[in-house]
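Reader: I would like to go through the terms used for this model. Please set each value against its cut-off.

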Amino acid sequence: MRAAVLHEIGQEKLEVLDDVEAVGFGPGRVRIRVRATGLCHSDLSAMAGVLPQPAPFVPGHEGAGEILEVGEGVSHLKPGDRVVVCWLPACGACPACKRGQTELCLAGFMNAGTPNFRRPGGDVFGFAGTGTFTEEVVVDAGCAVPIPDDVPFDIAALIGCGVTTGLGAALNTADVEAGSSVAVIGCGGVGISAIQGARLKGAAEIVAVDPVASRREAALEFGATRAVSPDELADAKQQVTAGEGFDYVFEVVGKSATARTAYETTRRGGTLVVVGAGAMDDFLQLNMFELFFDEKRILPSMYGGGDVLRSYERTIALWRAGRVDLDRLITHRVPLSEINEALDQMRTGASLRTCIEI
């Protein structure tokens, strides 16, 4: 079967091969025919070595498709079922799950060290234990979440990561207060979803911050009240908040420099939400006096900071009701053979979300 493979960490191009085999099928596992997958910035981060991932590997973790085969003991799924791929399934038994913090369950991460694929040259891993830039993938049954028939595969794929992360950061982690002021730094697919979440919660002012003009224009269409370049953020802070700072600032880039800017842009007693996934050697510096004196809340948001399955259901309900716009988030569609063009579009900021149709 075909799959896009990164041979070594640090390479910028994927090779689309037709000699890849999905492996690992057995009890408790399912085989999925991938129909659509989104390109998320985390895929680029893993390719660059920012996020830890053994190589060679098949990127992709934001996918949807149909069940081809179910293993022994899998009773909630059957061949033909439509599913979204959940790269962070909850085991239901660990301390985090028992506390209701299923997004902190580590069971899914354990899968990342087991090869999902094989080529004549050896084993191939799947990013985040999945790897959806492929025609088929074998995953734990918990990674396959059933979706209603009226949800298209491309929309379902977005719900699998970026939309759930961005919406959840505003709805779950920050719990944005109606009438508040919000700034979102980084307005790709996840940032736009955070903007939509802040709008749903009734934020009075939502300032989108991004260096790419097309993304700033898109942010206004999705609910931002104004959009500025990073150089214009200080002026926006002055104009919107009289210099005090925003009630909520979402950092959706994953770099210490932008996180520091976000901290400085948050008002005293306000909330900084860290959404971007950054590198382990990139450190955010805060001095102990400001940490105490400013009383700013710093809230990391992992996968939207809430129960993933409930978040999926909520997003589908909001999409059906026309309260969130997922269709226009997909700005580009390409076949798997053009995956490298899609990577370039994301690197330059030309796309919000690219759907890889397989």
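Reader: What makes K78 exposed or buried?

Author: First, the basis: this is a predicted model, in which local features need pLDDT of at least 70 and side-chain atom pairs count only at pLDDT 80 or more, while totals for chains, interfaces and linings use all residues. Residues are numbered from 1 along each chain as its sequence is written, and side-chain values use heavy atoms, with hydrogens and water left out. Buried means under 20% relative accessible area, exposed over 50%, and partly exposed in between, with a 1.4 Å probe and protein chains only. K78 has a relative accessible area of 51%, so K78 is exposed.

Reader: What makes D81 and K78 a salt bridge?

Author: The term requires a side-chain nitrogen of Lys or Arg within 4 Å of a carboxyl oxygen of Asp or Glu. The closest N and O atoms of D81 and K78 are 2.9 Å apart, and the pair forms a salt bridge. D81 has 14% relative accessibility and therefore counts as buried.

Reader: How many salt bridges are found in the whole structure?

Author: The search finds 21. One of the pairs is E62 and R353, whose side chains meet at 3.0 Å, N to O. This pair links distant parts of the chain, with E62 in strand β6 (residues 62-70) and R353 in strand β19 (residues 353-357), 291 residues apart. Both E62 and R353 are buried. Helices (H or I, at least four residues) and strands (E, at least two) are DSSP runs, numbered from the N terminus. K13, D344 and R347 are linked in a network of salt bridges.

Reader: Which parts does the pair of E357 and R333 tie together?

Author: The side chains of E357 and R333 meet in a salt bridge at 3.5 Å, N to O. E357 lies in strand β19 and R333 in strand β18 (residues 330-335), so the bridge ties together parts 24 residues apart in sequence. E357 is partly exposed because its relative accessible area is 40%, and R333, at 43%, is partly exposed as well.

Reader: Why is α5 called roughly perpendicular to α11?

Author: The axes of helix α5 (residues 162-174) and α11 come within 10 Å and cross at roughly 95°. That makes α5 roughly perpendicular to α11. Angles under 35 degrees count as roughly parallel, over 145 as roughly antiparallel, 65 to 115 as roughly perpendicular and the rest as oblique. The axes are lines fitted to C-alpha atoms, for helices over the stretch in contact, and the angles run from 0 to 180 degrees between N-to-C directions.

Reader: Which residues of α5 and α11 meet?

Author: V163, T164, L167, G168, L171 and N172 in α5 meet S311, Y312, R314 and T315 in α11. Contact here means heavy atoms within 4.5 Å.
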